[in-house]
Amino acid sequence: MNIVLTGGTSGLGYRTAQVLGSEIKNKIILIGSNKHKGENSVKALIKETSNKNISFKKCDLSSISEIKSLADKLKKFKIDILINNAGALFFSRKESVDKIEKTFALNHLSYFILTNLLLKYKVIKKGGRIVNVASGAHRGVKLDLNNLEMIRNYNGWISYKKSKLCNILFTKKLSELTKKNKITVNCLHPGFVKTQFGKNNNGIASLAIKFLMNFFAISVEEGAKTIIYLCTDDSVKNITGKYFYQSKIDEPSIFAQNQKDADLLWEKSLNIVKNKGLTLI
């Protein structure tokens, strides 16, 4: 299988690449923003799996132009599985190079833009799978479709929660559009996993995350199981548009099941990207 995995140089992504790479026939492209880290991850994975078909492509997934450039490079790589996993938490409000709030740009728009470009270029195979890493953190928030970038009253944790809600609504809408090509789209909550998540921040909040992870988080091996399940298990090859937890279909929040919000988020995302110079459809 040909696999593209964003955020694959550490944590859940790395463990996923490790397991999928252990099947020698699988070809895996890791996507990340740090070239040095990416190249070191590839070397380690090849050593651990004996699979030489693992490579890395550098891309700042919060940048529209870099995602476009990445998609152009992937045009000749026929994809069986796309895993949208890259994401981050920003406690203070930051903007991407495109002047888009960075949580929204990285955690939602990167999934939206890369997936749509690869579908537009017809590089995801018929019968392929798209797996979006969401989170149980989506619970307890509703999207404000007139303030998606939290220009008013920014709160880093709420912004992250809303971005994960976007992942589920995106999955819901996209799954309807890919049925005709028999491409499945599912998302998942990996659990509270002990990773480097949130450590790009400073101060008390970062220390709090570290404390909670030390006492309550599950291992990356456990957290990656549902991602791997959605990528490989025959029992889900015809299931689409669902939210999974612990390798089982789970019910997301009522706000994540709102078809109107899914439709509006799709349209607003298209317009945001178009206003930055990229037409997806």
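Strands here are DSSP E runs of at least two residues and helices are H or I runs of at least four, both numbered from the N terminus; two strands pair if DSSP finds at least two bridges between them. Within this pairing, Ile28 sits opposite Ile54 in E3.

A quick word on the ground rules: this is a predicted model, with local features needing pLDDT of at least 70, side-chain atom pairs counted only at pLDDT 80 or more, and totals for chains, interfaces and linings using all residues. Numbering starts from 1 along each chain as its sequence is written, and side-chain values use heavy atoms, with hydrogens and water left out.

**The sheet**

Zooming out, eight strands make an open, mixed sheet in the order E3-E2-E1-E4-E5-E6-E7-E8. Strand E3 (54–58) and strand E8 (248–250) are the edges; each has a single partner strand, so one side of each has no neighbour in the sheet. From one strand to the next, the twist averages 25°. H5 packs on the sheet, where it touches strand E5 (124–133), strand E6 (184–189) and strand E7 (243–245), and its direction makes about 160° with that of E6. Contact means heavy atoms within 4.5 Å, while axes are lines fitted to C-alpha atoms (for helices over the stretch in contact), with angles from 0 to 180 degrees between N-to-C directions.

**Rings**

How many aromatic pairs does the structure hold? There are five. Rings of Phe, Tyr and Trp (its six-membered ring) pair if their centres lie within 6.5 Å; planes under 30 degrees apart are stacked, over 60 edge-to-face, and the rest tilted. Two of the pairs look like this:

| Pair | Centre distance | Plane angle | Class |
|---|---|---|---|
| Phe112 and Trp266 | 4.9 Å | 75° | edge-to-face |
| Trp157 and Tyr160 | 5.6 Å | 15° | stacked |

Phe112 in helix H4 (residues 102–120) and Trp266 in helix H9 (residues 259–275) are 154 residues apart, so this pair links distant parts of the chain. Phe112 is buried at 1% relative accessibility, and Trp266 is buried at 5%. Buried means under 20% relative accessible area, exposed over 50%, and partly exposed in between (1.4 Å probe, protein chains only). Ring pairs also join Phe112, Phe170 and Trp266 into a cluster.

Trp157 and Tyr160 are three residues apart in helix H5 (residues 156–178), which puts about one helical turn between them. Trp157 is partly exposed at 39%, whereas Tyr160 is buried at 9%.

There's a charge over a ring too: Lys75 lies over the face of Tyr121, at 4.3 Å from the ring centre. The test wants NZ of Lys or CZ of Arg within 6 Å of the ring centre and within 35 degrees of the ring normal.

**The core**

The largest nonpolar core has 82 residues, and Leu30, Ile113 and Leu118 touch the most other members. Such a core is a set of buried Ala, Val, Leu, Ile, Met, Phe, Trp, Tyr and Cys residues joined through side-chain atoms within 4.5 Å. H4 gives the most to this core, with 10 residues. Leaving out residues up to four places away in sequence, Ile113 touches Ile64, Ile67, Val273, Leu278 and Leu280.

Leu174 lies in helix H5 and is buried at 1% relative accessible area. With residues up to four places away in sequence set aside, its contacts include Thr115, Val185 and Trp266.
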